Amino acid sequence: MSTLALSAVYTKYNLIETARVPIAVIGSVVFPTLAFCMFVLPQGVVTADPTFATAAVASMVVFAFMASGLFSIGLELSEQRSKPWAPYLRTLPGSAVARPIGLIAATLVISLAAMIPLLVVGGLFTAARPGLMPMLAAIGLVVLTAVPSMLIGVVIGTACGPKAAIAVTQVAMFLLAFGGGLFLPPMLFPEWLDAASRVLPVRQAREIVLAAALGEAVPVWAALGIIAWTAALGVIAVWLSRRDEGRRFR
């Protein structure tokens, strides 16, 4: 079986396993919208301005994908590695990257589902009114720019045990969310924090998605940053996977 076909099997398996626990699906889908309702909707200055409202919706969409990548992938991989079944799978023929790819694909599907109620609430209760084409472009770009967050989850899940993965994931989520300008607009950052924030993949994803939603040109620095982060994290994820295999079976 090819890597692509095996990845599709893992994607289907992960979606079925997640659907068997409805609260897991409901929590992943509802959480970003609840955060938006609690932190954004009460701010009349933000919701009444089309640009500010669009930026807030875009930030929460990026947050939804980032949180899913860190928690769903990081915690799931670390838990799988602690059980006998996952190490046994590593001894079977087939590409070792198929399982992480399948988990990433399944997580992206759930993240897309979580984006729907968030867009509905943003469209009904704020002044955000992106055009159809800009909105479709932003949706496509948020999937592409979420890859680094997914790979961070792979790195955490491969490098840490279940207990350590929980702590590392929580710290990483808050650092990336606040540092990436998802909870506090970057325009309010001091200069040093704004400069540091631009290095983070979540900040780069936010700028790309927001530019697309507003119909503006995508910042070159953000696009180059996403590409660099994807390549670097991909290499690290592969190296950790091979190191894990060597430690267990050689």
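Guide: Welcome! Two helices count as roughly antiparallel when the angle between their N-to-C directions is over 145 degrees. Keep that in mind as we look at this predicted model.

Visitor: Why are α4 and α6 called roughly antiparallel?

Guide: The axes of α4 and helix α6 (residues 98–125) cross at roughly 150°. That angle is over 145, so the pair is roughly antiparallel. The axes come within 9 Å, and the crossing is right-handed. Among the residues making the contact are Val57, Phe65 and Leu77 of α4, together with Leu103, Met115 and Gly122 of α6.

Visitor: How do you know that the span of helix α4 agrees with its number of residues?

Guide: Helix α4 takes in residues 50–81, which is 32 residues. At 1.5 Å a residue it should span 46 Å, and its end C-alpha atoms are 46 Å apart, so the two values agree.

Visitor: What makes Asp49 a cap for α4?

Guide: A side-chain oxygen of Asp49 lies 3.0 Å from the backbone nitrogen of Thr51, at the N-terminal end of α4. As for the helix itself, 24 of the 32 residues of α4 are buried.

Visitor: Why is Arg203 called buried?

Guide: Buried means under 20% relative accessible area, and Arg203 has 3%, so the word applies. Arg203 lies in helix α11 (residues 201–213).

Visitor: Which residue's side chain does Arg203 join through a polar contact?

Guide: That is Ser197, at 3.1 Å. Arg203 also touches other residues, including Gly180, Pro186 and Trp221.

How values were computed: Residues are numbered from 1 along each chain as its sequence is written. This is a predicted model: local features need pLDDT of at least 70, side-chain atom pairs count only at pLDDT 80 or more; totals for chains, interfaces and linings use all residues. Side-chain values use heavy atoms; hydrogens and water are left out. Helices (H or I, at least four residues) and strands (E, at least two) are DSSP runs, numbered from the N terminus. The expected span of a helix is 1.5 Å times one less than its number of residues. Buried means under 20% relative accessible area, exposed over 50%, partly exposed in between (1.4 Å probe, protein chains only). A polar contact is a pair of N or O atoms within 3.5 Å; within protein, one must be able to donate a hydrogen and the other to accept it, and residues adjacent in sequence count only if both atoms are side-chain atoms. Axes are lines fitted to C-alpha atoms, for helices over the stretch in contact, and angles run from 0 to 180 degrees between N-to-C directions. Angles under 35 degrees count as roughly parallel, over 145 as roughly antiparallel, 65 to 115 as roughly perpendicular and the rest as oblique. A crossing is left-handed if the near helix is turned anticlockwise from the far one by less than a right angle, and right-handed if clockwise. Contact means heavy atoms within 4.5 Å. Lists of a residue's contacts leave out its neighbours within four places in sequence.
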